[in-house]
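Q: I'd like to learn how to read a sheet and a pocket in a model like this one. Can you walk me through it?

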Amino acid sequence: MRFSNHKNSHNNHKSRNNNQKRFGHRVPKDLDISKLINKAISLERSEFVAEHTFQDFPLNPGVQANIVRRGYKQPTPIQDKAIPEVCAGRDIVGVADTGTGKTAAFLLPLITKVLANRNEKVLVLCPTRELALQIQEEFVIFSKGLGLSAALCIGGLAAGPQISVLRRNPNFVIGTPGRIKDFARRHLLNLKFFRTVVLDEADRMVDMGFIHDIKFLLSLLPTPRHSLFFSATIPSDINSLIQQFLNNPVSISVKSRDTSANVDQDVIRLADKSKKIDVLRALLVKAEFNKVLIFGRTKRGVEKLSNILADKGIKSASIHGNKSQASRQKALNLFKQNIIQVLVATDVAARGLDIFGVSHVINFDMPATYEDYIHRIGRTGRADKVGKALTFV
């Protein structure tokens, strides 16, 4: 095993290609390997001095009390810049590192908005079920005792209970595009009453995988409306697409670099790719690798790798699109609660998830794009912590 800039030995060409197909070594054309090697240089958020305190914001007193209960001391950069603009009713494109409080940046002012007018309704769209669940959990915390409700509308769970909540006329609907679209088409959810919409992980939401559903859903919303788009990455081509959905938006970017300065990044080059799993296990038995998120390329490969690690004595579980939502949530909870050491996942776990204390992210298979890489490694080095990211190349 060699780290960083060492050359591979010359293996049999055919064997190398077979291993590349099997383990997903192929490097995307737009991904420069040198960009995967960066030393953690500082804890930049600890150096940040906010322009505002939470008390400066025109937030509902009950929301302010829940902020204190949550333990927030001062706004993060995205919260400091975005909350006043959301309170003022402006459309926003917000770009900030993962783990910097983007969810609170839109939930706090929007809860305040609904408390001022109980007829207001808010639609929050996100690309994965896990992220929708996490946003709902944050909503419960920030709206505690304030008499508001939210419907969680995601696939993989029985539709009946979700429909029952919708019939109780909730203030917030949080979900994934597919389930929201299904309910709208069945006239179980009337989107003409939703004058505020949030797209979390907006770049993913308007790429080719979701764009048709997003266009359909936004066409059902009234105009004018209040639109908030947030993400850790918004490439220029996606940004130009986003603009068609917004009205004179305020662009807020608090990123100083592509990846968080709190993540120490390196690559692992192998002379013999057939030893890849052995090298991975050798890393995982080290004490410092105490909570590891491993990303693979395919659902089948992720499941196979998780089973192999378990057979080798590593407490592991998997999360991918072929598993039931109950199984996905169980695996995620086991990981969050430190009952297992390793969670092996496809990119379904790459965006938005806030998992405390992830010591390492390992890209067992290369991500499809550099933006995917940024989101993957953003699962570590969150808040004031330093994390490590390793990529097999």
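Here is a short talk about the sheet, then a pocket.

A: This is a predicted model, so to speak of local features we need pLDDT of at least 70, and of side-chain atom pairs pLDDT 80 or more, while totals for chains, interfaces and linings use all residues. Residues are numbered from 1 along each chain as its sequence is written, and side-chain values use heavy atoms, without hydrogens and water.

Q: In what order do the seven strands of the open sheet run?

A: Strands are DSSP runs (E, at least two residues; helices are H or I, at least four), numbered from the N terminus, and two pair if DSSP finds at least two bridges between them. Here the order is β4-β5-β3-β6-β7-β2-β8, with parallel pairing. The edges are β4 (150–153) and β8 (250–253), each pairing on one side only.

Q: Which helix touches β3, β4, β5 and β6?

A: Contact means heavy atoms within 4.5 Å. Helix α6 (129–142) packs on the sheet and touches those four strands. Helix α7 (159–166) packs there too, touching β4 and β5.

Q: What is the volume of the second largest pocket?

A: A pocket is an open set of points on a 1 Å grid over the protein atoms alone, where a 1.4 Å probe fits, with protein on both sides within 12 Å along at least five of seven lines; lining residues have an atom within 4 Å of a point. The volume, the space filled by probe spheres set on the points, is about 450 Å³. Of its 23 lining residues, R204, D207, D347, R351 and D372 are closest to the centre. Helix α15 gives the largest share, four residues.

Conventions: Axes fitted to C-alpha atoms, helices over the stretch in contact; angles between N-to-C directions.
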